[in-house]
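Subject: Structure handover

Hello,

Here is the structure to look through. My notes follow below it.

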Amino acid sequence: MAKTKTLTFLFILFTIFSISTLTTTATKNHGFARALSPHKLGLKRQKLSHLHFYFHDIVTGKNATAVRVAEAPVTKTSPTAFGAVNVMDDPLTLKPELSSERVGSAQGIYAAASQSEVGLLMDLNFVFTTGKFNGSTLSLIGRNSVFSNIREFPIVGGSGLFRFARGYAQAHTYSFEPNGNAVVEYNVYVFHY
C-alpha cells in the first residue's frame, strides 16, 4: 500500500513538473522572433506629420551635390540615360532658394532604370539636421517618372523620431535648368510614434 501511494505521489509530482516545464518552454523565446508590446519599446500613440521642403539636385560645377558613379555601355547613346547611376548628398531647404534655411540632406542613389522614358529608381534617406526632427531620418524608395507633374514615393521607414515610420512623399519639379540642375518641392506625409 505504501508503495502504491509513493508511486501515485511520484506520478502526480512528475505530471506537475511536466506541465510546468511545457508551459515554461511554450512561453520562452526559442527563435529569432517574438511578439512585443509597443509600450515595452516606449512607443505611444502614432502621429501623422506633414513635412514640406525643397530638394536641390546640383549636377554641375565645383559644388555638385550629385555625381555619376557608374554607367552602362549604352548610357551615352540612350535617350533616357539608361544605366546611369548617381550618388547624391543634396541639400534640403525650407524655400526654393538654395540660400534659404537648410533643414537637412537627401542622401542616396538614383539610377536611370527605364529605356522608354526618363524614369529613375530612387533610394534615399532624408536626413534632418534642425528643429524637432534633428538627427532623425526618413527612408524613401520608388520610381521617379521625372517629367510627370506629381510623383509619389513610399516612405518605408526611418530612425530617431521617425522610428517605425510609414507614409508617402509627393514630388513636384519647381525648376529645371538645361544643365540638369533641379529644385524639387517635396510634401511628405508620414505616420510615426
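The second largest pocket is lined by Leu51, His52, Phe53, Leu94, Glu101, Val103, Phe128, Thr130 and Phe133. A pocket here is an open set of points on a 1 Å grid over the protein atoms alone, where a 1.4 Å probe fits, with protein on both sides within 12 Å along at least five of seven lines; lining residues have an atom within 4 Å of a point. The volume of the second largest pocket is about 150 Å³, taken as the space filled by probe spheres set on the points, which are joined across faces, edges and corners. Strand β1 gives the most to this lining, with 3 residues; strands are DSSP runs of E, at least two residues, numbered from the N terminus.

This is a predicted model: local features need pLDDT of at least 70, side-chain atom pairs count only at pLDDT 80 or more, and totals for chains, interfaces and linings use all residues. Residues are numbered from 1 along each chain as its sequence is written, and side-chain values use heavy atoms, without hydrogens and water.

The largest pocket holds about 530 Å³ of space. Among its 25 lining residues, Asp57, Tyr110, Leu120, Val146 and Phe176 are the closest to its centre.

His56 is in strand β1, residues 47-57. Is His56 buried or exposed? His56 is buried, at 3% relative accessible area (buried is under 20%, exposed over 50%, partly exposed in between, with a 1.4 Å probe and protein chains only). Among the residues in contact with His56 are Asp90, Lys95 and Val183, where contact means heavy atoms within 4.5 Å.

Regards

Terms used
Helix = DSSP H or I, 4+ residues; strand = E, 2+ residues; numbered from the N terminus. Lists of a residue's contacts leave out its neighbours within four places in sequence.
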